[in-house]
Structure formats: structure tokens, C-alpha cells
Amino acid sequence: MTSQGPPSPESPPPATGPLSAFRGRRIFVGVSGGIAAYKSAYLVSRLAQAGAEVTVAMTRSATRFVTPLTFQALSARPVYTSPWQHLESQDPQHISLATRLDAAIVAPCSMDTLARLATGRTNDVVCLILSAVDRLRTPVILAPAMNSVMWAQPATQRNVALLRQDGFRFVGPAEGWQACRHVGPGRMSEPDDILAETASILAS
Ligand SMILES: Cc1cc2nc3c(=O)[nH]c(=O)nc-3n(C[C@H](O)[C@H](O)[C@H](O)COP(=O)(O)O)c2cc1C
């Protein structure tokens, strides 16, 4: 008789459906400082279960919302929280990691991180790693998350337009209940929607 216990973390069951696009893929998840950061824990868990090698980097603000340990446990990999860490090799990590990726996701992508990406800033570990990603080869998907007034700001809308022109992809934001007790556009898309969009980009 074979026992059907829970899958071991080393060998997740083969992903089926759209999530099978992630099997064996190297996926970067950048987490910035928004209340939706807790949802990215589920996102990382689903990617790991789908057989992806997931590397997480967090801005300093993101670490105020969720601990790096949560992402380390879910991804079973080191988590980058500073541009000055060299966790896996002696190469500048942002180059060696960025050149090996199949896709990069930033979720949540805060208003400030959007602004930094739109202006080519590299003064945090998430933007630094993304600065070394060649978007002609590796899709970078942003999942904005902010209050509806922040989302509607002309500065945010200008940055989104610039980022689209520069080849970044967007998922959301969605409309609905926000932690600030507003209802409107700006809420981070659900992790399953982010995964579905990323899987379809990977499959195309
Ligand atoms: C409780 C709390 C919730 C926040 N939620 C958001 C948010 O959902 N989206 C956002 O853009 N900024 C949010 N902020 C502000 C950002 O954390 C702040 O702009 C920070 O500098 C972003 O840094 P980062 O982009 O480097 O992660 C929040 C701040 C606090 C204190």
C-alpha cells in the first residue's frame, strides 16, 4: 500500500494547468513596502509549489511589513534585503542573478518603487537587480498596490506610462476594498491573477 502523505518541500507534486509553466523556471519576486506584502507570501509559496526556483528581494520598507524569514522559508532560498549582500557568489549579485532569470515580478509594487523604476534609480536591492534584467529577453511584471488617490496621482500615471513604454508589463491594479478603508482602484491584483498573467507571458 502506498502512503499519500503531504508532499515533501524538496519535491512538490508536478504542477498542472497554467502553473506548469513555472516548473524549472527561475523567477524573481521583488517585494516593496505596501500592506499587500503579506499576499506575496502566498504568491511565493504557489511558485515554489509549482516547481519554480524563486528568489525574493525586499526593499527596506517591505521588511517592515513581512519578515525576510517568511520568504526564506517559503522559497527555501536566501532572501536579498540589501545591495551589499553577496549571498550566493562573489559576483555582483544583481548581475549574476538578473542574467539567469526567466521572469521577474514586483508585488506589491509601491508608488515609490514605481517612481524609482521609471527614473532608472538603483538605490535599493529590488531596483538594482531589475536594472540588470534585459527586458527584451526576460519579462518584468509589476503589480502596483496603493491607495486609490496615490494611484490616480498624475506622477503615478506618468510613471506607469513611461514604464509601459520601457517594456515593463503590468498586472492590475484591481478595484475594491483597500486597507485604508477606501474602495477604488489601486488594490494589488490577487496572487492567482498575477501568476496566471506571468504564466501566459512565459508560455507565449
Ligand atoms: C501602514 C502603511 C501602509 C502602506 N501601504 C502602502 C501601499 O499599499 N502602497 C504604497 O505605495 N505605499 C504604501 N505605504 C508607504 C510606503 O511604505 C513608503 O512610500 C515607502 O517609502 C515605500 O518604499 P519602497 O518602495 O522602497 O518599498 C505604506 C506605509 C505604511 C506606513
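The model is a predicted one, so local features are reported only at pLDDT of at least 70 and side-chain atom pairs only at pLDDT 80 or more, while totals for chains, interfaces and linings take in all residues. Numbering starts from 1 along each chain, following its sequence as written.

Of its 204 residues, 42% are buried. Buried here stands for 20 or more other C-beta atoms within 10 Å of a residue's own, exposed for 12 or fewer, and partly exposed for anything in between, with C-beta atoms placed from the backbone.

Strand 1, residues 26–31, is a handy place to start, and five of its six residues are buried. Strand 1 pairs in the parallel sense with strand 2 (residues 53–58) over six bridges, where pairing takes at least two DSSP bridges between two strands. In this pairing, Ile27 sits opposite Val54 of strand 2. Getting from strand 1 to strand 2, the chain passes through helix 1 (residues 37–49) in a right-handed β-α-β crossover; right-handed says that, with the strands pointing away from the viewer, the path from the first strand over the helix to the second runs clockwise. Strand 1 also runs parallel to strand 4 (residues 103–109), joined by four bridges, and Val29 is opposite Ile105 there.

The parallel pattern carries on from strand 4. Four bridges tie strand 4 to strand 5 in parallel, with Ala104 opposite Val140. Strand 5 covers residues 140–144, four of those five being buried. Strand 5 then pairs with strand 6, again in the parallel sense, over two bridges, and Leu142 has Phe170 as its bridge partner in strand 6.

Val29 turns up again in the largest nonpolar core, which has 56 residues; Val29, Ala107 and Ala143 have the most contacts inside it. Such a core is a set of buried Ala, Val, Leu, Ile, Met, Phe, Trp, Tyr and Cys residues joined through C-beta atoms within 7 Å. Beyond its neighbours within four places in sequence, Val29 touches residues including Leu43, Val44, Val56 and Ala107.

Now for the ligand. Around it are 16 residues, of which Ser32, Gly33, Gly34, Thr59 and Ser110 come nearest; a residue counts as near if its C-beta atom, placed from the backbone, lies within 6 Å. Helix 5 (residues 111–118) gives the most to this shell, with three residues. Ser32 lies in the loop between strand 1 and helix 1, and Ser32 is buried because 31 other C-beta atoms lie within 10 Å. Setting aside neighbours within four places in sequence, the contacts of Ser32 include Thr59, Ser110 and Thr113. Ser32 and Ala145 are 113 residues apart in sequence, yet 9.5 Å apart in space, C-alpha to C-alpha.

Asp166 makes a contrasting case. Asp166 sits in the loop between helix 8 (154–165) and strand 6 (169–170), and Asp166 is exposed because 12 other C-beta atoms lie within 10 Å.

Note on methods: Contact = placed C-beta atoms within 7 Å.
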